[in-house]
Amino acid sequence: MAGETQLSSLSVDQVAFDRLAYFALRSELLFDQAADVQPVAQAMPGTGVTFTIFSDIAAATSTLNEVTDVTPTALSDSQVTVTLAEYGNAVVTTAKLRGTAFLDVDSAAANIIGYNAGDSIDQVVRDVLAAGTNVAYSGGKSTRVSMAVADILSANDVRKQVAALRGANVATFNGSYIGFIHPDVSYDFRSATDASAWRTPANYVNPEGIYNGEIGLFESVRFIETPRGKVFTNVFNGAGATGTGDSYATLIMGRQALAKAYSAQDGNGAVPKIVRGNVTDLLMRLQPLGWYWLGGYGRFREASLRRIESASSIGANSV
């Protein structure tokens, strides 16, 4: 109407928030699947589990004497002990946070704690595997510090370790060995164009795999890419001394490479448990939430585990 002041806008417009919570980018949990040795008849609870391995006796290839008895061969065994250790982590949410957040803080905390449990234990397993004693270095090098940036993983490196596994009578996982490889190493491995490398047979047998970026099965090894692949940082400079080059560990293994033990008491088990802690503050504002695991991993048969260390052309190398 005439003479009235018109409001051009109202201060009620606000940015809307999406109430769906997103989380950090996460890698899948992979290394635990290699632990095919676990207790099946544990005598009692304890601080660790001891596994016993009986050794074979030598082949008897000589003929027997008709009237002379055989000389008995003594049996022998060896043992592997996996020691149990405690692992865990926790967060605490406050009453004010829970009362004022526009997202479900408890659900987000549970999600983060659950992933942290798997992420942490997966790294524990990786470090146990990466400490194996059977190691080879790409480029024909004999030590880690003598490596150079050009010493990337080759198909022949893989073939040698497969031959070593087969020569040691290491059983496969349903016909193939398992290989854990870092994406930086996978890049070099899949980029090789020589006739004996991964790309040449893949062009003819599985061209779709090239477009999908898959490694798949190569030379009887089922490769699995993981950004948690072990990296030894700043360990070589190509002249036999510590430098700024990073050495990547590619792990290839067969059955019985890894043993896993864990407590089955007090609610414990094969995987970490989620623990809702007691609220102990006077106003009951602080709510703890965490995870706990009592267990451990150990290398069961060193002969079943091989490690190839190599550089990467796209890694953090400046030498």
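The following legends describe close-up views of a predicted model of one protein.

Figure 1. Of its 319 residues, 36% count as buried, and the accessible surface of the protein comes to about 18,800 Å², of which 53% belongs to carbon and sulfur atoms. Among contacts between residues at least 6 apart in sequence, 77% join residues that are at least 24 apart.

**Figure 2. The salt bridge between Arg228 and Asp122.** The side chains of Arg228 and Asp122 meet here in a salt bridge, with a distance of 2.9 Å from N to O. This pair links distant parts of the chain, since Arg228 sits in the loop between β7 and β8 (231-236) while Asp122 belongs to helix α2, 106 residues apart. Arg228 counts as buried because its relative accessible area is 5%, which is under 20%, and Asp122 is likewise buried, with a relative accessible area of 3%. The pair is also part of a network of salt bridges in which Asp119, Asp122 and Arg228 are linked. As a general point, side chains of opposite charge can pair when their charged atoms come close.

**Figure 3. The salt bridge between Glu225 and Arg190.** In this view Glu225 forms a salt bridge with Arg190, and the closest N and O atoms are 3.8 Å apart. Here too the pair links distant parts of the chain, with Glu225 in strand β7 and Arg190 in helix α4 (residues 183-191), 35 residues apart. Glu225 is partly exposed, with a relative accessible area of 35%, whereas Arg190, at 19% relative accessibility, counts as buried.

**Figure 4. The salt bridge between Glu302 and Arg299.** The closest N and O atoms of Glu302 and Arg299 are 2.6 Å apart in this salt bridge, and the structure holds twelve salt bridges. Glu302 counts as partly exposed at 26% relative accessibility, and Arg299 is also partly exposed, with a relative accessible area of 25%.

Figure 5. Most residues other than glycine have a negative phi. Asn169, although it is not a glycine, has a positive phi of about 60°, and this residue lies in the loop between α3 (155-167) and β5 (177-181). With a relative accessible area of 71%, Asn169 is exposed. Ser220 is not a glycine either, yet has a positive phi of about 70°, and Ser220 is found in the loop between β6 (217-218) and β7 (221-225). At 24% relative accessibility, Ser220 counts as partly exposed.

**Figure 6. The surroundings of Ser146.** Ser146 lies in the loop between β4 (135-137) and α3, where this serine is buried, with a relative accessible area of 18%. Leaving aside its neighbours within four places in sequence, Ser146 is in contact with Lys141, Gly238 and Gly240.

Figure 7. A search of the whole structure finds one cavity of 30 Å³ or more, and the largest cavity has a volume of about 30 Å³. The elements that give two or more residues to its lining are α2 (105-130) and β12 (287-299). The residues that line this cavity are Thr93, Asp106, Ala109, Arg276, Gln287 and Leu289, and by class the lining has two nonpolar, two polar and two charged residues.

Notes. Residues are numbered from 1 along each chain as its sequence is written. This is a predicted model: local features need pLDDT of at least 70, side-chain atom pairs count only at pLDDT 80 or more; totals for chains, interfaces and linings use all residues. Side-chain values use heavy atoms; hydrogens and water are left out. Helices (H or I, at least four residues) and strands (E, at least two) are DSSP runs, numbered from the N terminus. Buried means under 20% relative accessible area, exposed over 50%, partly exposed in between (1.4 Å probe, protein chains only). On a 1 Å grid over the protein atoms alone, a cavity is a set of points where a 1.4 Å probe fits but cannot get out, and a pocket is an open set with protein on both sides within 12 Å along at least five of seven lines; lining residues have an atom within 4 Å of a point. Grid points are joined across faces, edges and corners, and a volume is the space filled by probe spheres set on the points. Ala, Val, Leu, Ile, Met, Phe, Trp, Tyr, Cys and Pro count as nonpolar, Asp, Glu, Lys and Arg as charged, and the others, Gly among them, as polar. Contact means heavy atoms within 4.5 Å. Accessible areas come from the Shrake-Rupley method with a 1.4 Å probe; for residues, only the protein chains shown count as cover. A salt bridge is a side-chain nitrogen of Lys or Arg within 4 Å of a carboxyl oxygen of Asp or Glu.
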